[in-house]
Amino acid sequence: MTVKTRFAPSPTGYLHVGGARTALYCWLYAKKHQGTFVLRIEDTDRERSTDESVQAILDGMEWLHLEHDEGPYYQTKRFDRYKEVIDEMLANGQAYRCYCSKERLDALREEQQANKQNIGYDGHCRGLSESDQDLSKPHVIRFKNPKEGAVVFDDLIKGRISVNNSEIDDLIIARTDGTPTYNFTVVVDDLDMEITHVIRGDDHVNNTPRQINMIKALGRDVPLYAHVPMILGDDGKRLSKRHGAVSVMQYRDDGYLPQALLNYLVRLGWSHGDQEVFSVDEMIEFFELSDVNRAPSAFNTDKLNWLNQHYMKELPAEEVLKHLQWHLDQQGVDVSNGPDIKLLIPEMAERVKTLKELASAVRYFYHDFEEFDAGAAKKHLRPVAKEPLEAVKGKLEQASEWTAEALHGLVSATAEELEIGMGKVGMPLRVAVTGAGMSPDLGITLEWIGKERVIKRIDKALTLIAEREAQA
């Protein structure tokens with residue numbers, strides 16, 4: 001059997017982490033078995049589906065590098081096919097027209113609720129003869145679900161599931177206006193596209209028995225099903241925007257690498273021993289649906305941040321820069337006048353968790369700052385720092401070799417001459433040249449900022465100290 005999976009989002013909103021994880025599992029399973037991955041846009045909900053949401057889904061899939069082998073297919077372009085199948089089912093007695101009014105259905109539901117019965121259609125129009133039907137009157141079309149027996153299937157994640165047909169009512173497959181419904185279009189699409197494995201969220205478990213019965217009525221083989229448990233927030237509640245259920249592209253905007261988000265998502269409900277970090281090739285090699293947890297998984301932002309920092313440090317700087325550049329542009333950081341940004345990336349990644357923070361953290365290497373960080377200046381640019389700064393400035397002005405090692409030596413020599421600790425020179429100098437208190441090794445920092453900027457910024461710090469002395 002040639003494996004064929006599909007990811008079939010509804011474009012009524014953005015692609016969020018739950019959908020992205022489902023897409024990843026579908027993609028990995030297809031790749032592992034040298035199969036085909038299909039992208040299908042289920043856009044039959046015309047009122048809620050938007051072009052913007054379709055584009056957001058496509059953008060998210062592209063950013064995560066989850067390339068589809070077929071598609072994207074759009075259900076709205078397949079209405080003729082759906083009508084063809086419905087007409088066949090009507091002719092074969094597998095579906096029927098239902099003329100029940102909204103009022104009758106509401107009354108039926110209230111009666112069932114009062115009697116504590118299963119809520120569902122009672123089959124009132126199931127046995128209507130042709131003479132009892134008037135096609136000019138408003139009606140829907142329902143699938144004639146079997147009354148006897150049970151639907152039994154072996155879910156590749158959840159195990160065996162059995163549902164009595166007596167608990168399943170006759171599903172509407174075409175609305176009054178003739179448009180097909182979700183459960184029906186999914187069946188036709190999966191059969192026409194020869195999908196072998198349906199991997200989707202477990203909110204679809206209740207739909208599966210209905211779909212299996214329709215597939216059997218059409219005389220076709222039933223695909224294998226795997227229902228992935230939902231994702232919960234850190235607090236155990238259903239994932240919400242507060243927890244991170246936002247557009248996948250928001251993670252791009254917030255400074256996450258696609259490699260980090262993919263690695264995080266694959267581990268959000270699946271494991272391979274104690275391994276935490278996976279390359280895409282390793283994901284494909286090790287991924288098994290049988291290893292997906294049956295219980296819901298909890299979203300953990302701290303773990304995502306850890307992974308993101310790991311990838312910023314470990315990926316080739318050229319790869320990180322592909323994604324960092326967008327953030328540099330957003331923040332107006334021009335890296336053309338200063339050190340090679342690829343040298344800074346692994347050094348600065350030790351101190352930040354996102355690309356957005358990284359773009360902000362490298363600014364002082366390329367642009368002068370207007371103000372010193374208030375806290376850092378209050379602590380380190382005090383009158384007691386004046387003498388060390390003046391002394392080290394003199395040595396830096398005379399420096400014949402502007403390398404990290406030589407510059408570190410000049411700072412050390414200043415501390416020895418003044419008989420003070422290295423920190424009494426180093427910290428005021430660090431704040432003076434960076435504007436704040438965080439930077440790589442001081443020698444590297446001085447080398448990369450450059451001699452002219454270093455001297456200029458020390459003068460600025462000395463001016464601030466003098467102003468504070470005058471105020472005192």
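In this predicted model, the axes of helix 15 (residues 386–397) and helix 17 (residues 422–434) come within 9 Å and cross at roughly 75 degrees, which makes helix 15 roughly perpendicular to helix 17 (a word used for angles of 65 to 115 degrees). Contact, meaning heavy atoms within 4.5 Å, is made by P388, L389, V392 and L396 of helix 15 with K424, V425, P428, L429 and A432 of helix 17. Helices here are DSSP runs (H or I) of at least four residues, and strands (E) of at least two, numbered from the N terminus.

A search of the whole structure finds 31 salt bridges, each being a side-chain nitrogen of Lys or Arg within 4 Å of a carboxyl oxygen of Asp or Glu. Three of them are tabulated here.

| Salt bridge | Closest N and O atoms |
|---|---|
| D192 with R78 | 2.8 Å |
| R104 with D122 | 2.7 Å |
| D170 with R126 | 2.9 Å |

D192 lies in helix 5 (residues 182–192) and R78 in the loop between strand 3 (70–74) and helix 3 (79–91), 114 residues apart. R78 is buried, with a relative accessible area of 18%, whereas D192 is partly exposed at 30%; buried means under 20%, exposed over 50%, and partly exposed in between (1.4 Å probe, protein chains only). D170 is also buried, its relative accessible area being 2%. Through shared partners, salt bridges join R6, R40, E42, R78, R81, E84, D189, D190 and D192 into one network.

Residues are numbered from 1 along each chain as its sequence is written. Because the model is predicted, local features need pLDDT of at least 70 and side-chain atom pairs count only at pLDDT 80 or more, while totals for chains, interfaces and linings use all residues, and side-chain values use heavy atoms, leaving out hydrogens and water.

Terms used: Axes are lines fitted to C-alpha atoms, for helices over the stretch in contact, and angles run from 0 to 180 degrees between N-to-C directions. Angles under 35 degrees count as roughly parallel, over 145 as roughly antiparallel, 65 to 115 as roughly perpendicular and the rest as oblique.
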